[in-house]
Amino acid sequence: MSLVGKVVIVTGASAGIGAATAVEFAKQGAKVVLVGRNREKLQLSVAACRAAHKKTEILPIAADVTVDAERIINETIDKFGKLDVLVNNAGIFEVGGILDVDVDQYDRLFNTNVRAVFLLTKYAAPHLIKTQGNIVNVSGIAGQRAFAGITLGGTSKAALDQFTRCIALDLAPHKVRVNAVSPGVIATDIHAGIGLSPQQLVEYFEQSAKTHALGRIGQPKEVADSIIFLASDAASFITGALIPVDGGKHAMCPR
């Protein structure tokens, strides 16, 4: 399962699942490229990676994946000379049903959750072919199950799921694997971004625990561990897979 010396890009690495994933790759001895928009939070992730493995090489890139995809790949190659793993984690979450949403929200969600992943994959693919590397996309349970009130978020994740499967077939002849993880509700600050107060966030997490078969919500490290597995040689015969990391939420039927 060795990832020592592998060059890994993690987008959305300044917080949540991305930050936890970057730390886990650092622990494995990988060379980690951390991509995020918030420079201060990105530096906190850099510090966490260095604390996890003092000798790990780190490249922070302050960037917006919707406009800087080519630069992210180019800076990675300029620094390390190769690319082994691309983790498309950066994503946004907004609420709203069809009567509430507008075109601007559609553009925001699809530009970040789908178009940016397409661009990063497009620019990364030639380098991944050289190393016979792999891609792990971070989707969500909303891409597989329908939920009222998150119409565009769910639809963008469904598009990402299908993109994962299609690209897996495109790149399989080149020995490049492509997989995705689909988290359930994870304890990150992404939910605070939709306007929930601290108390409302606690109540949301408590209610969400009841919708997961294991009776709790997940932690960022649990998703990160699944990403590490898919990126490693331990998953060498897995491609085109969507792995639910959701405490069984995908299997539950609301009653």
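1. A residue is called buried when its relative accessible area is under 20%, exposed when over 50%, and partly exposed in between (1.4 Å probe, protein chains only). By that rule helix α1 is mostly covered, since ten of its twelve residues are buried. Helices (H or I, at least four residues) and strands (E, at least two) are DSSP runs, numbered from the N terminus.

2. This is a predicted model, in which local features need pLDDT of at least 70 and side-chain atom pairs count only at pLDDT 80 or more, while totals for chains, interfaces and linings use all residues. Residues are numbered from 1 along each chain as its sequence is written, and side-chain values use heavy atoms, with hydrogens and water left out.

3. Helix α1 covers residues 16-27 and reaches 17 Å from its first C-alpha to its last, close to the 16 Å expected at 1.5 Å a residue. The expected span is 1.5 Å times one less than the number of residues. Among the buried residues of α1 are I17, A20, V23, E24 and F25. Their cover includes β1, β2, α2 (39-52), β4, β6 and α7, where contact means heavy atoms within 4.5 Å. After the helix comes G29, with a positive phi near 85°.

4. The strands form an open sheet of seven, in the order β3-β2-β1-β4-β5-β6-β7, with parallel pairing. Two strands pair if DSSP finds at least two bridges between them. The edge strands, each pairing on one side only, are β3 (58-62) and β7 (242-245). From one strand to the next the twist averages 15°; axes are lines fitted to C-alpha atoms, for helices over the stretch in contact, and angles run from 0 to 180 degrees between N-to-C directions.

5. Inside the sheet, β4 (residues 85-88) and β5 (residues 134-138) run parallel and are joined by four bridges. One of the residues involved is V87, whose bridge partner in β5 is V136.

6. Which strands does helix α3 touch? Helix α3 (residues 69-80) packs on the sheet against β1 (7-11), β2 (31-36) and β3, and its direction makes about 155° with that of β3. Helix α7 (residues 220-231) lies across β4, β5, β6 (177-183) and β7, at about 165° to β6.

7. A nonpolar core is a set of buried Ala, Val, Leu, Ile, Met, Phe, Trp, Tyr and Cys residues joined through side-chain atoms within 4.5 Å. The largest has 31 residues, of which I9, V35, I72 and L83 touch the most other members. Elements giving two or more residues to this core are β1, β2, β3, α3, α4 and α5 (151-171). Helix α4 gives the largest share, seven residues. Apart from this core lies another, of 29 residues, including I17 and V85.

8. Rings of Phe, Tyr and Trp (its six-membered ring) pair if their centres lie within 6.5 Å; planes under 30 degrees apart count as stacked, over 60 as edge-to-face and the rest as tilted. There are two aromatic pairs by this rule. Y106 and F110 are stacked, at 4.4 Å centre to centre with 20° between the planes. Both lie in helix α4 (residues 103-131), four residues apart, about one turn of the helix. Y106 counts as partly exposed because its relative accessibility is 39%, whereas F110 is buried at 15%.

9. The pair Y204 and F205 is tilted, at 5.9 Å centre to centre with 45° between the planes. Y204 is partly exposed at 29%, and F205 is buried at 17%.
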